[in-house]
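Hi,

Here is the structure I promised to pass on.

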Amino acid sequence: MNTTPVYTTAGIRKIESLVLSVPNPPPLMEKAGLAAAEIARTRLLTGDRRRVLILAGPGNNGGDACVAARHLHGWGKQVTLVFTGEAARLSQDAKQALTQWQSAGGTIIPKIPAGGQWDAVIDGLFGIGLDETRPLAERYRQLIQQVNQLGLPVLALDIPSGLPSDSGNVQDVAIRAAITATFIALKPGLLTSDGCDYCGEIMVCDLELDAAALIPPDNGLLDRASIAACLPAPRRANSHKGTYGRLGILGGASGMIGATLLAGRAALRLGAGRVYLGLLAEAGALTVDPVQPELMLRPPADLLHPDFLDALVIGPGLGSEIAACMYLEQALHTSLPLVLDADALNLIAQHEELRSALQARSASSILTPHPAEAARLRNTTVAEIQRNRLEAARNLAREFNCAVVLKGAGSICTFPDGHCHFNTSGNPGLSSAGTGDVLSGFLGALLVQGVSAEHALLLAVYLHGAAADALLEQQHGPLGMVASDIISAARNLLNRWIGEENPGW
């Protein structure tokens, strides 16, 4: 599938090395600085806004900032350049950029002047080389805090200073940008964890390089264009409920029936032909869903009979009792495609025999952990998972030989071969109970309609977030969005997308 490439710091460094190793290499720093200056001029310094504060750090990111300063000065903008490095220690390109700035009449100062008045800020303190294992020097902490307190729109060069380019996990402070002009290609830290809060609008400046032609990417962007290949085919008139699969959803222990109902309702609305719920709650707790009577309630054991189903979701409201372990173990030994969510993940983390059964499966399995569930599966802490979400997602997929979505801000979908996709849809409205159950229902529905596990994961995750984005616009904000709202919004979007990809069907 075609997708926008995403590269780690190591990947970007390899691309730069390849490009700069040829005779007469392109002037990447000049191109980056000019691209940044153009964005600043057209997006931030418009009308009578002409005063800009530029921070140039001690590395090549600072060189990019000096190039941007020179061009903006040449276009008649009033530039204040704060340079925090030592000229003698700059790389050759950065030293040349600083010299050209000064030759053009520009001056440098060591700190932000008190009482200065500007219309915008350009952040060129640190680029992708920031070492997140080392705390920021106090001088840089103060600079970043000063910029954030100015209340001005900030253009960050490559990545907001203080935001690690691989993890997106801010350790202390970071620039809050209105726009991030990232060079050559996207980086993981822009797209997940704290990057979602700090980057603002992301604009890729490729510097006239075809990164994917130089180094095939291991990571890609999950967006509307990339999921086109994942959509189910339009429905034929000559079809029936059996054409679109039989899905089982096993869970719903006492006090948690709602999780299973949400997953079932989501699966029906996303097109599953028949949906069976196996509830672990004591007999008589529920015999029919009065909201969605099309759901068929069966004893849990019925869902594990050979050839009864085409796929099984297990985990929403499953609980941790002996019966839950027993049914999960049976499910892991079936040849059914499985979606493993919530309590199923917690039980696998607790019981070595369940872990081994999952690892030994040959049928498709999809895991949907949030960071706490991922930490239990990896026998580590949530902080360690969040420290590098990309690495954590890859490790889970490899250990269990499964498709995995590590949920959270910038959800990451990954596969056993190590390839990852960063989701671009979704908003804080999804921070509500039951939204994960809805996602599980979506996944199950797509599986029983014949969508591959890989495509089902990518489509369901993107659609789940896109439905929340549609609701965000309709409801003027994320507050009070609930899981049930997502279901109908997702159905409408999926129908529309299938129609757009198949005009005249």
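A pocket here is an open set of points on a 1 Å grid over the protein atoms alone, with protein on both sides within 12 Å along at least five of seven lines, where a 1.4 Å probe fits; lining residues have an atom within 4 Å of a point. Its volume is the space filled by probe spheres set on the points, which are joined across faces, edges and corners.

This is a predicted model, with local features needing pLDDT of at least 70 and side-chain atom pairs pLDDT 80 or more, while totals for chains, interfaces and linings use all residues. Residues are numbered from 1 along each chain as its sequence is written, and side-chain values use heavy atoms, without hydrogens and water.

The second largest pocket holds about 710 Å³ of space. It is lined by 28 residues, and G408, A409, G410, S425 and G426 are the closest to its centre.

The largest pocket has a volume of about 900 Å³. Its lining counts 37 residues, with R13, M29, G59, N60 and N61 closest to the centre.

Now to the cysteines: how many disulfides (pairs of cysteine sulfur atoms within 2.5 Å) are there? The count is zero. The sulfur of C205 is too far for a bond, because the closest cysteine sulfur, in C199, is 14 Å away. For C420, also in no disulfide, the nearest cysteine sulfur is that of C413, at 9.0 Å. C420 is buried (under 20% relative accessible area, with a 1.4 Å probe and protein chains only), at 0%. C205 counts as buried too, at 11% relative accessibility.

Best wishes

Terms used
A disulfide is a pair of cysteine sulfur atoms within 2.5 Å. Buried means under 20% relative accessible area, exposed over 50%, partly exposed in between (1.4 Å probe, protein chains only).
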